[in-house]
Amino acid sequence: MKAFALIIVILCAGLLIYGTSDFPPWSDPESPASTHVSPYYIEHTIEDTSVPNIVTSVLADYRGFDTMFETIVIFTAGIACFFLLRVTKREDHESRLYHHLVTGVTLRIKEGGKLPDESEEFRRVDTEWVPYSLIIKITCRLIVPFIMLFALYVIAHGHHSPGGGFQGGVIIGAAMILFAISNDLRAAILRLSEKMATFFCSAGVFIYAGTGLLCLLLGLNFLDYGALAKILFTDPVTARSHGILAVEIGVGIAVMGVVVSIYYNLSSAGKHDEGL
Amino acid sequence: MNWQIEFIILTMVIILGIGAITVKDLLGAGILFGAYSFMMCLLWAIMGAVDVAFTEASVGAGVSTVFFISAVFRTTRGTKD
Amino acid sequence: MGDLAKEFVTTYNYWVYIILMMIGLYAVMVKNNLVKKIIGMNIVQTAIILFFISIGAKRGATIPIIAHGHNGGEHAVHAADYINPLPHVLMLTAIVVAVATLGVALSLAIKIYQEYGTLEEDDIRTQTREE
């Protein structure tokens with residue numbers, strides 16, 4: 001099997017190398033990929049949308065449909081993870097570990113036993129016990145707000161610098177994941193519940209499609225942000241810039257929700273009780 | 001152009017890619033894949049694709065490594081190949 | 001020497017994408033473990049992204065963000081001065097979709113592990129044959 005696979009791989013590689021000889025020279029300004037449609041984007045992006053970052057304007061304006069359906073793909077992946085993994089168990093049908101803070105004793109409550117309330121005295125701990133580290137906990141708690149602030153900057157400043165909805169959304173999700181790893185999964189779920197994460201997934205897609213629909217209702221094509229000039233009281237070019245921002249916010253919210261919800265499902269295998 | 005850096009990074013990418021699929025420990029494979037993604041991110045920053053490099057740094061090197069680690073944590077760490 | 005090395009590096013770029021794609025293809029075909037197969041799939045994906053970004057590269061051009069200032073917005077923009085942004089846009093969305101599909105693939109792997117107790121493909125095959 002291995003030899004057979006190796007032969008196929010070498011044949012494919014030979015074929016691809018043979019195809020490479022027909023490519024234009026590397027970084028050639030006259031290559032076909034750079035001569036047909038992209039010069040239009042580069043030369044007209046300022047006068048069409050007043051967004052200096054060409055990638056953002058192409059992503060959200062010229063190719064807005066593409067990005068909208070990519071967002072729907074991400075949303076579908078999040079929902080698919082939920083349906084594949086999520087299991088709901090009754091509260092009293094599992095054994096749990098509790099830590100008694102006053103005496104320092106760890107108790108195991110068997111299946112069907114009476115569970116103590118989460119109070120000052122008892123704290124639930126994970127089955128795979130990890131040593132309590134004050135430094136990691138406090139450091140992560142200190143940097144998480146700044147990571148989120150940076151993510152908001154990335155979303156809002158995507159017009160002028162590298163960044164945008166996808167990156168910012170992933171960074172907010174990563175900050176949530178960092179919080180869930182440094183504390184435990186239950187603490188993260190207390191802050192951002194599963195219901196809210198799933199709500200964010202769909203809300204982001206809704207903001208994106210809703211912006212497009214608003215343009216349609218205002219008398220222009222779907223996702224033609226120039227129509228927003230009527231309600232924003234600006235000229236169409238600035239309205240396009242604002243429309244791109246609205247769409248990027250929608251993408252950011254959707255991506256954040258999906259990343260967090262996939263992490264919740266993967267790290268607890270769908271049970272949402274004990275994480276990484 | 002600083003072709004030396006590019007050459008080193010391209011070689012590192014190949015080494016890390018081979019390492020990620022040959023190492024006999026799935027946790028190590030996940031970490032090596034994260035390092036591979038980070039090298040890719042550097043490569044794209046050199047080629048001038050700053051937005052792609054930013055996305056790869058946050059997604060490939062950050063979140064997908066966490067996903068691999070949590071999947072390995074929920075399944076098994078050892079493997080035969 | 002410098003020119004020759006530069007020439008080698010530029011073709012090396014295309015070679016690396018082929019090598020990476022073949023590493024990933026080999027992993028998907030031969031490797032027995034499902035997580036290894038998923039890693040191989042992701043390597044193929046990054047190889048294709050590398051290919052697209054390499055196509056978009058342009059000699060003597062800068063990053064695709066138009067230079068502007070408070071008074072410098074009026075000068076003409078030449079397409080030859082900026083790297084082709086179109087492959088960047090396509091690949092940017094592809095990377096984020098990649099992480100979402102990675103999540104689906106890993107949850108399928110977790111589900112298979114819960115069902116069969118192993119991630120090795122041949123063990124799963126013998127178990128399904130015995131049933």
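The model is predicted.

**Exercise 1.** Describe the secondary structure of chain C and state what share of its residues is buried.

*Solution.* 
1. Chain C contains 4 helices and 0 strands.
2. Read from the N terminus, the order of elements in chain C is α-α-α-α.
3. Of the 131 residues in chain C, 55% are buried, where buried stands for under 20% relative accessible area.
4. When contacts in chain C between residues at least 6 apart in sequence are considered, 51% of them link residues at least 24 apart.

**Exercise 2.** Characterise the interface of chain A and chain C by its residues, its buried area and its polar pairs.

*Solution.* 
1. Contact involves 54 residues of chain A and 46 residues of chain C.
2. The area buried between chain A and chain C is about 4,700 Å², with 79% on carbon and sulfur atoms.
3. On the side of chain A, the residues that lose the most area to chain C are Trp26(A), Ile42(A) and Leu84(A), together 16% of what that side buries.
4. The interface of chain A and chain C has 0 salt bridges, while 6 residue pairs, both at pLDDT 80 or more, are in polar contact.
5. Two or more residues on this side of chain A come from each of helix H1 (2-20), helix H2 (38-49), helix H3 (54-62), helix H4 (64-85), H6 and H10 of chain A.
6. By class, the side of chain A that touches chain C comprises 37 nonpolar, 11 polar and 6 charged residues.

**Exercise 3.** Carry out the corresponding analysis for chain A and chain B, and determine which helix of chain A gives the most residues to the side that touches chain B.

*Solution.* 
1. In this interface, 24 residues of chain A meet 15 residues of chain B in contact.
2. Chain A and chain B bury about 1,600 Å² between them, and carbon and sulfur atoms give 76% of that area.
3. Gln167(A), Leu266(A) and Leu276(A) provide 30% of the area that chain A buries against chain B, more than any other three residues.
4. Between chain A and chain B there are 0 salt bridges and 4 residue pairs in polar contact, both at pLDDT 80 or more.
5. Helix H5 (134-156), helix H6 (165-182) and helix H10 (236-267) of chain A each contribute at least two residues to the side that touches chain B.
6. The side of chain A that touches chain B is made up of 16 nonpolar, 6 polar and 2 charged residues.

Notes:
Residues are numbered from 1 along each chain as its sequence is written. Chains are lettered from A and ligands numbered from 1 in the order in which they are written. This is a predicted model: local features need pLDDT of at least 70, side-chain atom pairs count only at pLDDT 80 or more; totals for chains, interfaces and linings use all residues. Side-chain values use heavy atoms; hydrogens and water are left out. Contact means heavy atoms within 4.5 Å. Buried area is the accessible area (1.4 Å probe) that two parts lose on being put together, summed over both. A salt bridge is a side-chain nitrogen of Lys or Arg within 4 Å of a carboxyl oxygen of Asp or Glu. A polar contact is a pair of N or O atoms within 3.5 Å; within protein, one must be able to donate a hydrogen and the other to accept it, and residues adjacent in sequence count only if both atoms are side-chain atoms. Ala, Val, Leu, Ile, Met, Phe, Trp, Tyr, Cys and Pro count as nonpolar, Asp, Glu, Lys and Arg as charged, and the others, Gly among them, as polar. Buried means under 20% relative accessible area, exposed over 50%, partly exposed in between (1.4 Å probe, protein chains only).
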